[in-house]
Amino acid sequence: MGFKRLLCGVICIAILTASLMVSAADFSDIKGHWAETYVKAMVDKCYIKGYTDGTFKPDKTITNTEALILLSRMLGVDDEDYKVIVDAALEANSSVLSKYSTDYKEEMAYLLYRGVIDKDDLDTYISSANKNKTLLRYQCAILLTKLLGAEEEVKNSVFISSSYSDTAQIPSDARPYVEYVREAKIMEGMGADSYGDPIFGPNQSVTRGQMAKMLSSLIDVLDIKLVSGSVSAVDTFAETVKVSNKEYTVEDDTIIKLDGKDADFDDIKEKMEVQIIIVKDKVSMISASKGEVKDEPIRGIISSVSSGATGRTIIIADPEKTSNKTTYDVSDDVVVVIQKAEDLYSKLKSNQYVELTVEKDVVTRIEVLDKNMTVAGTLVSKDITSTDSLVTVADVKGNETVYVCEDGVEVVRNGKTVKLSDLIAGDSVSLKLTYHKVTKISAESKSQSSSGIIKSITHTESGSYLEIKEKNDTTKYSIASDAIIKVDGSDATVFDLRPGSAINFRS
């Protein structure tokens with residue numbers, strides 16, 4: 001499944017059958033139901049869905065498999081920002097999951113990777129004998145605790161007593177989990193016994209209405225954040241890692257993955273690409289990739305060059321703050337490139353803008369660059385969540401380069417001034433650079449019409465996305481902030497779109 005262009009222009013929805021377009025507010029069986037508010041909220045966020053007959057069935061029990069799918073959605077399995085982690089999870093767990101008959105291996109792999117379930121849980125939840133069994137309330141308490149990354153906290157705490165009169169019916173190893181989700185206000189009791197004391201009902205099945213309420217509570221409690229970038233510093237003593245100019249403290253129960261495999265914090269090194277998942281202000285997971293770690297080129301303005309009996313040195317100043325200077329030793333056989341041709345070291349002058357290649361702490365190559373440059377290519381991705389906004393651009397040969405954008409970078413798309421967030425993968429772009437920082441982006445997109453069926457809808461801080469099945473191909477699209485949306489000919493918003501609907505669109 002590829003990630004395609006921005007959906008812009010007009011998006012028109014046609015109803016395949018009347019029931020497919022029923023909104024949460026129109027479900028025939030939730031009006032006046034105690035879970036009505038929670039159902040509406042969770043359906044609108046596409047975490048949980050209704051039935052094609054226009055009902056939600058809030059009192060219907062939920063199966064083990066259905067519960068795991070919902071929890072994976074809460075953790076971002078359908079979010080494009082988590083795709084790298086989801087792909088790593090699927091690759092790491094494809095072998096163990098091959099033993100099970102399920103259409104949701106991506107969701108199961110993601111939960112395994114995030115530590116919500118382990119391999120021993122697979123038989124309990126997705127084996128042929130158990131996958132369609134209903135989820136019991138004590139099982140749900142365990143899953144929710146793990147999803148919140150609190151299992152170690154629960155295991156290490158001293159369990160004194162339960163708040164429920166039917167504690168004896170709760171499996172002993174599940175009792176601390178039940179108490180945890182009660183204190184977290186995610187699961188409540190099931191009324192009271194004949195003496196008026198609260199009961200939990202551990203062996204009762206979880207209903208769809210109850211799950212909608214729990215998912216709603218989780219949104220407020222989870223507070224999930226994702227940080228992506230390159231490691232700039234690692235402190236193994238303080239157990240901190242620095243990414244995008246910010247330090248993150250690793251907890252005792254932080255899950256560390258390196259190239260998809262379990263690892264230790266000591267395995268995390270500078271310049272590795274990482275994704276850090278933060279839950280409730282704690283580092284829940286660090287997923288790292290060794291990749292091909294290379295020394296990045298150093299760019300700056302020549303402050304001075306010297307050559308003498310003791311060797312050669314070059315002092316480079318930061319273009320943005322010339323008082324910041326660094327001295328480098330230069331190899332005797334350094335390669336110097338001026339105006340795209342090899343030249344003499346003696347031709348280097350103060351105030352030239354240069355790029356240094358450093359190997360084993362010695363400069364082996366110096367290239368004089370133009371202060372102002374223009375590069376063109378195809379936009380691969382953008383990152384507006386880091387301290388510096390970044391754009392990745394591929395040239396005609398497919399080589400990708402990451403560029404840092406100036407604050408307030410000017411962005412023009414199809415002749416209109418837009419925000420950096422409005423750019424989308426696939427746009428043809430021309431970047432104007434000053435000292436290798438992007439000062440202006442001119443983008444063009446090709447428009448074409450298509451149609452298909454909406455498979456899923458995802459709403460994130462960076463925008464909304466549609467997964468659309470077009471003939472035999474399923475593609476994920478980002479929806480432009482100025483897209484015109486019509487449902488049955490009437491003006492609508494992105495929140496009026498529903499999975500299962502036919503769609504005509506221009507991208």
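Axes here are lines fitted to C-alpha atoms, for helices over the stretch in contact, and angles run from 0 to 180 degrees between N-to-C directions. Helices (H or I, at least four residues) and strands (E, at least two) are DSSP runs numbered from the N terminus. The model is predicted, so that local features need pLDDT of at least 70 and side-chain atom pairs count only at pLDDT 80 or more, while totals for chains, interfaces and linings use all residues. Residues are numbered from 1 along each chain as its sequence is written, and side-chain values use heavy atoms, with hydrogens and water left out.

**Helix packing**

| Helix pair | Axis distance | Crossing angle |
|---|---|---|
| α2 and α9 | within 11 Å | roughly 25° |
| α1 and α9 | within 8 Å | roughly 65° |
| α2 and α6 | 12 Å | about 20° |

Angles under 35 degrees count as roughly parallel, over 145 as roughly antiparallel, 65 to 115 as roughly perpendicular and the rest as oblique. Helix α2 (residues 64-74) and helix α9 (residues 208-222) are therefore roughly parallel to each other, and α2 passes α9 in a right-handed crossing; a crossing is right-handed if the near helix is turned clockwise from the far one by less than a right angle, and left-handed if anticlockwise. In this pair, A67, L70, L71 and M74 of α2 meet M211, L215, L218, I219 and L222 of α9, where contact means heavy atoms within 4.5 Å. The residues of this contact comprise 9 nonpolar, no polar and no charged, with Ala, Val, Leu, Ile, Met, Phe, Trp, Tyr, Cys and Pro counted as nonpolar, Asp, Glu, Lys and Arg as charged, and the others, Gly among them, as polar.

The axes of helix α1 (residues 36-44) and α9 cross at roughly 65°, which makes α1 roughly perpendicular to α9. This crossing of α1 past α9 is left-handed, and Y38, V39 and M42 of α1 meet A212, K213, L215, S216 and I219 of α9; the contact has 6 nonpolar, 1 polar and 1 charged residues.

Helices α2 and α6 pack at an angle of about 20°, which makes α2 roughly parallel to α6. Their crossing is right-handed, and the contact joins N64, L68 and L71 of α2 to Q139, L143, L144 and L147 of α6, with 5 nonpolar, 2 polar and no charged residues.

**The second largest pocket**

The second largest pocket is lined by 34 residues, of which Y113, R114, G115, V116 and I255 lie nearest its centre. By class, this lining has 14 nonpolar, 6 polar and 14 charged residues.

Key. On a 1 Å grid over the protein atoms alone, a cavity is a set of points where a 1.4 Å probe fits but cannot get out, and a pocket is an open set with protein on both sides within 12 Å along at least five of seven lines; lining residues have an atom within 4 Å of a point.
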